[in-house]
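Please keep the sequence and the coordinates at hand while reading.

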Amino acid sequence: MDAFLAIAGFEARTRLKRLSTWAYFAVFFALSMLWIAAAGGAIEGAIISFGSGKVWINSPYAIAQTVVFLGMVALTVIGAVMGRAIQQDAEHRTEAFFHTAPIGRLAYLGGRFAGAVVVLVAILSSIALGSLAGLALPGIDPDRVGPVRLAPYLIPYLTILLPNVVVLGGIFFCLAALTRRMLPVYVGSVVLLVGYLAANGLIRKLENKTLASMIDPFGSVAMSRLTEYWSIAERNEWLVPFEGLLAANRALWLALAAVVLAWTFRRYRFSQPREGGRRRVDDGAPPARNRRNA
C-alpha cells in the first residue's frame with residue numbers, strides 16, 4: 001500500500017506541475033463559460049437550449065447536460081493523460097528503475113492509474129467552475145438564472161463524469177500499458193468519440209429503451225431516459241437521481257472496466273530494452289549470472 005500511495009502521489013504531483021495540465025483546465029473553463037453564456041442569451045445568434053427557454057441555465061438538469069456534453073468533448077484529454085501516465089516510462093527509458101525496484105505490478109500500475117484519475121478530476125473540475133463563473137458574464141438574462149446550489153454541480157461528477165474517467169480512461173490506460181505507445185490511444189479516443197457521435201442518433205431511436213441506455217458508455221442516454229418526462233418545474237428543481245437505468249448503466253460499465261483492468265494487470269510484464277531491439281521479459285526471477293568465457 002505504501003508503494004501504491006507513493007507512486008500515485010508522485011504521478012499526481014508531477015502532472016499537476018505541468019503547463020499542459022493547466023492549459024487543459026483553462027480550455028474547458030473557457031468552453032463551459034461560453035456554453036453558459038450562449039444558453040443565457042449573452043451571445044447573439046447562439047442557440048443552446050435545455051429543452052425549453054424556461055429551464056434555468058444553472059438548474060440541476062441543465063448542469064447535468066453541460067457536464068455530460070463537455071465530458072464527451074474531453075475524451076481526447078482523458079486519453080492523453082491516462083496514456084502518458086504509463087507510456088512515459090517506456091519513452092524515457094525509466095521502466096528499468098521501477099521494474100527492478102521492490103515494487104509489485106499492482107502497486108506500479110494501480111498507482112499510475114490512480115494518480116492520473118486525480119489529475120483528470122482536477123482538470124475536469126473546470127467544467128463546473130466555468131459554468132458557475134459564466135453566470136456572472138454581462139448579457140446573461142436574469143430570468144434564465146435560478147438559485148445557485150452546490151449539489152447540482154457535485155452530483156453529475158459523482159454519477160457521470162468520474163465513472164466515465166474510470167471506464168474510458170481505464171481503456172486508454174490499458175492500451176498504453178500493453179502497447180507502450182501513444183498512437184493507439186490517440187486513434188482510439190478519436191474513433192470512439194466520432195463513432196459514438198455518429199451512432200448516437202441510432203442509439204436513441206432504438207425501440208428497446210433499456211438496451212439503448214445500457215450500451216451507451218457515457219451514460220447520457222440513460223440520463224435522458226430518466227428525465228425525459230420531467231416538467232419544466234421538475235427540471236429546474238429536481239436533482240438527477242442515481243437510480244434505475246442510470247445506476248444500472250454505471251454499474252455495467254464499471255464492471256467491464258474492472259475486467260479490462262484486471263486482464264491488463266495480469267498480462268503486463270516488467271521488461272526493459274535489450275541490444276538488438278529485443279526486450280527481456282522479467283517474470284520476477286533474479287537474473288542469471290554470466291558464464292565465464294571459455
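The text below takes up a cavity, then a helix that helps to line it, and then the salt bridges.

The model is predicted, so that local features need pLDDT of at least 70 and side-chain atom pairs count only at pLDDT 80 or more, while totals for chains, interfaces and linings use all residues. Residues are numbered from 1 along each chain as its sequence is written, and side-chain values use heavy atoms, with hydrogens and water left out.

**Cavity**

Rolling a probe the size of a water molecule over the atoms shows where empty space is left. Here a cavity is a set of points, on a 1 Å grid over the protein atoms alone, where a 1.4 Å probe fits but cannot get out, and lining residues have an atom within 4 Å of a point. Grid points are joined across faces, edges and corners, and a volume is the space filled by probe spheres set on the points. By this rule there is one cavity of 30 Å³ or more, and the largest cavity holds about 80 Å³ of space.

Its lining is made up of Pro60, Ala64, Ala151, Pro152, Ile155, Pro156, Thr159, Ile160, Met223, Leu239, Val240 and Leu246. Eleven of these residues are nonpolar, one is polar and none is charged, where Ala, Val, Leu, Ile, Met, Phe, Trp, Tyr, Cys and Pro count as nonpolar, Asp, Glu, Lys and Arg as charged, and the others, Gly among them, as polar. Helices are DSSP runs (H or I, at least four residues) numbered from the N terminus; α3 (60-73) and α7 (151-179) each supply at least two lining residues, and α7 gives the most, with six.

**Helix α3**

Helix α3 has 14 residues and reaches 20 Å from its first C-alpha to its last, close to the 20 Å expected at 1.5 Å a residue, the expected span being 1.5 Å times one less than the number of residues. Twelve of the 14 residues of α3 are buried, so this helix is largely enclosed by the rest of the structure; buried means under 20% relative accessible area, exposed over 50%, and partly exposed in between (1.4 Å probe, protein chains only).

**Salt bridges**

Two salt bridges are counted, each defined as a side-chain nitrogen of Lys or Arg within 4 Å of a carboxyl oxygen of Asp or Glu.

| Pair | N to O distance |
|---|---|
| Glu11 and Arg112 | 2.6 Å |
| Arg225 and Glu228 | 3.8 Å |

Glu11 lies in helix α1 (residues 2-16) and Arg112 in helix α6 (residues 105-134), so the pair ties together parts that are 101 residues apart in sequence. Glu11 is buried at 1% relative accessibility, and Arg112 is buried at 2%. In the other pair, Arg225 is buried at 17%, whereas Glu228 is partly exposed at 29%.

Terms used: 1 Å grid on protein atoms, 1.4 Å probe; cavity = no way out; pocket = protein on both sides within 12 Å on 5 of 7 lines; lining within 4 Å.
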